[in-house]
Amino acid sequence: MKTQRYYDEFSQGYDRLRGHPYHRLVDRLELQILGPLIRDLEVLDVATGTGLLLMAMHEQARCAVGLDLSGGMLRHARRRGLRTVQGSAEALPFPDESFDVACCFKAFPHLDAPTSALEEMRRVCRPGGAVVLELYNPRSLRGLLRRHGPRRPVSTAVHEGQVT
């Protein structure tokens with residue numbers, strides 16, 4: 001499977017990329033929103049990747065389970081001691097009404113069949129539960145800068161411990 005191979009390879013440097021201040025800010029904001037929704041409940045993190053957000057969910061939820069298509073990504077999450085399952089967001093391997101909250105950050109716009117994934121997330125949520133998604137805003141400041149801002153040359157030079 002092409003997508004799975006891509007993310008298996010991407011898993012090798014994923015955490016390093018997620019260390020950028022922008023990503024840390026977005027993660028912090030997402031967790032501030034998610035925290036009250038998951039406290040002492042059972043949560044499913046769809047497309048959990050290496051489990052960076054799942055770690056914080058694990059601290060707040062009664063039970064936090066991560067699902068990802070990529071075995072490479074899940075190896076990193078499992079090294080963190082997180083509970084994970086390999087599978088597809090479009091066909092979640094859980095019974096109906098298994099979780100109080102199902103969430104998907106960073107990945108939803110990249111799924112092959114987002115409508116199916118949304119239906120699946122709703123299916124595995126208990127009545128009164130919540131589905132929480134991160135969707136990209138192409139008109140955000142970051143989106144505008146990426147399309148129209150100055151282009152910086154890519155360099156791998158290291159200066160005082162920072163990649164520039």
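Glu 30 and Lys 106 form a salt bridge in which the closest N and O atoms are 2.6 Å apart; the term denotes a side-chain nitrogen of Lys or Arg within 4 Å of a carboxyl oxygen of Asp or Glu. This pair links distant parts of the chain, since Glu 30 belongs to helix H3 (residues 21-38) and Lys 106 to the loop between S4 and H6, 76 residues apart. Helices (DSSP runs of H or I, at least four residues) and strands (DSSP runs of E, at least two) are numbered from the N terminus. The structure is a predicted model, in which local features need pLDDT of at least 70, side-chain atom pairs count only at pLDDT 80 or more, and totals for chains, interfaces and linings use all residues. Residues are numbered from 1 along each chain as its sequence is written, and side-chain values use heavy atoms, with hydrogens and water left out.

**Salt bridges**

Glu 30 is buried, with a relative accessible area of 9%, and Lys 106 also counts as buried, at 16% relative accessibility. Here buried means under 20% relative accessible area, exposed means over 50%, and partly exposed lies in between (1.4 Å probe, protein chains only). Salt bridges with shared partners join Glu 30 and Lys 106 to Asp 27 and Glu 134 in one network. The whole structure contains eight salt bridges, and the table gives three of them.

| Pair | Closest N to O distance |
|---|---|
| Glu 30 and Lys 106 | 2.6 Å |
| Asp 96 and Arg 123 | 2.8 Å |

Asp 96 counts as exposed at 51% relative accessibility, whereas Arg 123 is partly exposed at 23%. Glu 120 is buried, with a relative accessible area of 14%.

**Helix H6**

Helix H6 spans residues 114-124, and its buried residues are Ala 117, Glu 120, Met 121 and Val 124. Seen down the helix axis, these buried residues fall within an arc of 100 degrees, so they line one face of H6; the arc is that of the directions from the helix axis to the C-beta atoms. The face turned away from this buried side carries the exposed residues Thr 115 and Arg 122. The buried residues of H6 pack against strand S1 (42-46), strand S4 (99-104) and strand S5 (125-133).

**Nonpolar cores**

A nonpolar core is a set of buried Ala, Val, Leu, Ile, Met, Phe, Trp, Tyr and Cys residues joined through side-chain atoms within 4.5 Å. The largest one has 18 residues, and those with the most contacts inside it are Leu 44, Val 46, Leu 92, Phe 94 and Val 124. S1, S2, S4 and H6 each supply at least two residues of this core. A second, separate core of 14 residues includes Leu 34, Ile 38, Ala 77 and Cys 103.

Contact means heavy atoms within 4.5 Å. Apart from residues up to four places away in sequence, Leu 44 touches Val 65, Leu 67, Leu 92, Phe 94, Phe 99, Val 101, Ala 102, Cys 103 and Val 124. Cys 103 is placed in strand S4 and is buried, with a relative accessible area of 0%. With neighbours within four places in sequence left aside, the contacts of Cys 103 include Leu 34, Met 57, Met 121 and Val 132. The C-alpha atoms of Cys 103 and Leu 34 are separated by 8.8 Å, although the two residues are 69 residues apart along the chain.

**Strands and overall arrangement**

Strand S2 (residues 63-68) pairs with strand S3 (residues 83-86) in the parallel sense over four bridges; two strands pair if DSSP finds at least two bridges between them. Gly 66 has Thr 84 in S3 as its bridge partner. Together with helix H5 (residues 71-79), S2 and S3 make a right-handed β-α-β unit. Right-handed means that, with the strands pointing away from the viewer, the path from the first strand over the helix to the second runs clockwise.

The protein chain has seven helices and seven strands, and along the sequence they follow the pattern α-α-α-β-α-β-α-β-β-α-β-α-β-β. Of its 164 residues, 40% count as buried. Among contacts with a separation of 6 or more, 60% are accounted for by residues 24 or more positions apart.
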